[in-house]
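Here is a report on one protein chain. Please read it alongside the sequence and the coordinates.

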Amino acid sequence: MTPWPADYRQAWTLATSVERSGVGLHSGLPCRVRLGPSELPGYRVGWLDAPQLPLRRLEPSQVADTRLCTALQLGERRLATVEHLLAALAGTGVSQAEIWVEGEEIPLLDGSALPWVEAIAEAGLAALGERLEPALPAEPITLRQGLGFVTAFPAEELRLAAAVEFPQAAIGRQLFSISLTPPRFVAEIAPARTFGFRDQVEQLRAAGLIRGGALDNALVCDGERWLNPPLRFADEPVRHKLLDLLGDLALVGLPRAQVFAYRGSHGLHTALATAIANATPFPAESTASNPPPRPVLSA
Ligand SMILES: [Zn+2]
């Protein structure tokens with residue numbers, strides 16, 4: 001596969017465009033995404049069926065719903081389940097890209113970030129020079145929701161940790177921490193799939209959610225066992241939590257921080273992204289433009 005960047009010091013975009021389609025986790029409806037190069041920092045969403053609408057840079061203030069996935073309100077339109085795609089872009093080192101969408105959801109694919117990583121590898125990466133990242137304020141940021149909390153300290157490198165604690169014996173207590181680099185993201189985080197619980201499935205379907213959920217795109221836990229083994233990692237659930245954390249933080253870029261999420265949720269993760277954005281606003285666009293993409297890697 002692509003020789004991924006060794007770290008997150010440089011800005012990268014895609015060398016060419018690449019497309020994927022599938023069903024949305026919640027709507028169960030078909031949706032399509034075309035990823036392409038961008039000369040501007042951040043991730044910008046446009047609409048394949050309405051190309052005249054302006055591209056919008058994604059940011060935490062657009063978060064509209066965090067029940068089971070992260071959904072954004074982009075002008076008149078809603079875009080759900082952005083987190084696995086954003087984790088794949090941020091995790092592989094792609095700091096800027098255009099995301100053209102048809103539908104109201106990002107396709108779930110296999111429930112992990114791996115199919116997006118493969119799409120990015122197919123497009124190849126183009127180097128853009130030094131990266132502009134949000135720097136955290138000197139004071140740590142800590143946020144709490146129920147029993148869960150998330151905390152972020154300024155650090156020289158991005159270090160992420162997540163802990164989960166479930167009464168279901170198949171998951172129980174799990175802790176995972178990592179000094180993140182693109183190759184480590186691809187090997188250790190991207191393949192971890194989303195997971196759910198058998199007794200919640202009917203409840204969620206009745207609420208109009210997870211209509212696209214199936215045994216081939218989500219791990220389903222039934223107390224002491226999994227309905228659809230084998231797992232890709234013994235601790236796949238906590239690795240997926242870390243994937244979700246990274247995808248939600250990508251709304252503000254990759255902060256130079258050490259971040260720990262205990263019983264994290266999309267609500268907590270996106271609240272942290274908002275707090276980081278409020279503490280360190282994006283650099284002005286005029287000072288943040290990069291030279292045109294120069295392809296140096298290919299799939
Ligand atoms: Zn997820």
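## Overall build

Of the 299 residues in the chain, 56% are buried. Buried means under 20% relative accessible area, exposed over 50%, and partly exposed in between, with a 1.4 Å probe and protein chains only. This is a predicted model, where local features need pLDDT of at least 70, side-chain atom pairs count only at pLDDT 80 or more, and totals for chains, interfaces and linings use all residues. Residues are numbered from 1 along each chain as its sequence is written, and side-chain values use heavy atoms, with hydrogens and water left out.

The chain holds seven helices and 19 strands. Its radius of gyration is 18 Å, close to the 19 Å that the globule rule gives for 299 residues, so the chain is as compact as a globular protein of that length. That radius is taken over C-alpha atoms, and the rule is 2.2 Å times the number of residues to the power 0.38. Helices (H or I, at least four residues) and strands (E, at least two) are DSSP runs, numbered from the N terminus.

The C-alpha trace spans about 55 × 45 × 40 Å along its principal axes. Among contacts between residues at least 6 apart in sequence, 74% join residues at least 24 apart. Contact means heavy atoms within 4.5 Å. The accessible surface comes to about 12800 Å², and 52% of this belongs to carbon and sulfur atoms. These areas come from the Shrake-Rupley method with a 1.4 Å probe; for residues, only the protein chains shown count as cover.

Helix α1 covers residues 83–92, and ten of its ten residues are buried. H84 and A87 are among them. Just after α1, G93 takes a positive phi of about 100°.

L243 lies in helix α5, residues 236–249. L243 is buried, at a relative accessible area of 0%. Which residues does L243 contact beyond its neighbours within four places in sequence? They are H84, A87, A113, I189, A190 and A192. R193 is 50 residues from L243 in sequence, yet their C-alpha atoms are 9.0 Å apart.

## Strand pairing

Strands of a sheet pair through backbone hydrogen bonds, either parallel or antiparallel. Here two strands pair if DSSP finds at least two bridges between them.

Strand β9 spans residues 96–102; five of its seven residues are buried, so the strand is largely enclosed by the rest of the structure. β9 has two listed pairings, with β3 and with β4. R34 stands opposite W100 in β9. The bridge partner of Y43 in β9 is A97.

Elsewhere, three strands form an open sheet in the order β15-β16-β17, with mixed pairing. β15 (195–197) and β17 (225–226) are the edge strands, each pairing on one side only. F197 stands opposite C221 in β16.

| Pair | Sense | Bridges |
|---|---|---|
| β3 (residues 30–36) and β9 | antiparallel | five bridges |
| β4 (residues 42–47) and β9 | parallel | six bridges |
| β15 and β16 (residues 219–222) | parallel | three bridges |

## Backbone details

The peptide bond from P229 to P230 is cis, with omega near 5°. P230 sits in the loop between β17 and α5.

L109 is not a glycine, but has a positive phi of about 55°. Its loop runs between β9 and α2 (114–123). L109 is partly exposed, at 23% relative accessibility.

R263, also not a glycine, has a positive phi of about 50°. R263 is in the loop between β18 (257–262) and α6 (266–279). At 33% relative accessibility, R263 is partly exposed.
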